[in-house]
Amino acid sequence: MLSDRQPRSFLDAQVLSRLSGIPLFARRPMQGNVSGRHASPHRGSSVEFAEYRKYVPGDDLRRLDWRAYGRSDRFYVKEFEADTNLRCCFVLDTSGSMNFGSTGVTKIEYARRIAGTLSYLASQQGDAVGLACVADGVTQNLPPKRNAAHLRLVLDQLEQAKPKGDTQLAAVLHELAETIRQRALIIILSDLFIEPAVLQSCFQHLRFRHHDAAVFHLLDPLELNFQFRRPMRFLDMEGGPAIFAEPNDIADRYDKALQLYLKDLKQVVLESAIDYHRISIDEDYEQVLVRFLVSRAQVKGMR
C-alpha cells in the first residue's frame, strides 16, 4: 500500500508488491548516514569479513585477533565490510521530445512509471530519494531525503512534470556531479537526444565523483523503425523548424544515422562503465525493472 494513500496514475500497487522482494542495490560503495544494505567505502562492523591489517595505537582492542597473535606474535585487527544507506537521485528529462509517443504512452509517462516505482521501492528499503527535472535547465530539484513526506513531494513532482522546450541535460549532469557531494546512485531517464561525445564527458565526470550512474534510454518504436509510408511533415518538439519529407527518400539515411548514433553511444557506455538500458516504450515496464533490479543484485552478490 502506498505510504501517502493517494492514487497515482503512474504507480501500480500490484507491480510494487511483486517487485518489493527484489532489493535495489548500488554497484559502487556508497556513503550514507545510517546503516543500510549497501556497501560502504569505509570499514565497520558487520558479519562479512574483509581483511586483516596491522594494529596501530588507538584501535579498538576488542577487534584484535588473538589467534593471529598466537601464530605470528604480532597484533592484527580484523576489518569487516560496512553497510550503509543509499542516496538515489532521479534525473528526469522534461524537454519537449519526451512528449512523443506512438503506442498510447508517451516517453514522459513511461519515465514516470520507472522513476515512481523505483523511488517508492528505494524509500521502502530506507534509502534517500531525490528528483531533478531537466529541460533547458533544472526546472525542479528535490535533494535526496529519507522520509515518507519527502517521497510524497517526489511523487507530486513526477506527476506535475510537463515536457517543454529544448534539453540541457549535459550541462545539468555536470552540475549534479559536483553538487551531489556524497556518492549517490544517479538514475537518468531520457531519450538522450545528445551527441555521444558530449554524453561521454558527463558520464566520466559522474564516475570521477564516485557516483553510480544508471541510464534508461527511452525511445519510441517509430524512432527505432522508420515505417512512415506517405509524405509527412516532421515537427521538432524542442522548438526547431518543421521538415516536410518523402519517407522513401530519407529512410536509408535515417537508418544509417540511427545505427551510427547507437554504435557510438554503445562505445561511450562501455568506456564509461555506465549501467545502460535502452528501452522501447512499448515494452512492459515491469519486466524492464525486473531486469534492472536483478542485474544489480547479481553485482551485489559478487562484491
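Ring pairs join F226, F228, F234 and Y254 into a cluster, where rings of Phe, Tyr and Trp (its six-membered ring) pair if their centres lie within 6.5 Å, and planes under 30 degrees apart count as stacked, over 60 as edge-to-face and the rest as tilted. The model is predicted, so that local features need pLDDT of at least 70 and side-chain atom pairs count only at pLDDT 80 or more, while totals for chains, interfaces and linings use all residues. Residues are numbered from 1 along each chain as its sequence is written, and side-chain values use heavy atoms, with hydrogens and water left out.

By the ring rule there are five aromatic pairs. One of them, between F228 and F234, is edge-to-face, at 5.2 Å centre to centre and with 90° between the planes. F228 is buried, with a relative accessible area of 19%, whereas F234 is partly exposed at 23%; buried means under 20% relative accessible area, exposed over 50%, and partly exposed in between (1.4 Å probe, protein chains only).

A pocket is an open set of points, on a 1 Å grid over the protein atoms alone, where a 1.4 Å probe fits, with protein on both sides within 12 Å along at least five of seven lines, and lining residues have an atom within 4 Å of a point. Helices (H or I, at least four residues) and strands (E, at least two) are DSSP runs numbered from the N terminus, and α8 gives the most to this lining, with seven residues.

Ala, Val, Leu, Ile, Met, Phe, Trp, Tyr, Cys and Pro count as nonpolar, Asp, Glu, Lys and Arg as charged, and the others, Gly among them, as polar.

| Pocket | Volume | Lining residues by class |
|---|---|---|
| Largest pocket | about 1,100 Å³ | 21 nonpolar, one polar, seven charged |
| Second largest pocket | about 170 Å³ | three nonpolar, six polar, three charged |

Terms used. Grid points are joined across faces, edges and corners, and a volume is the space filled by probe spheres set on the points.
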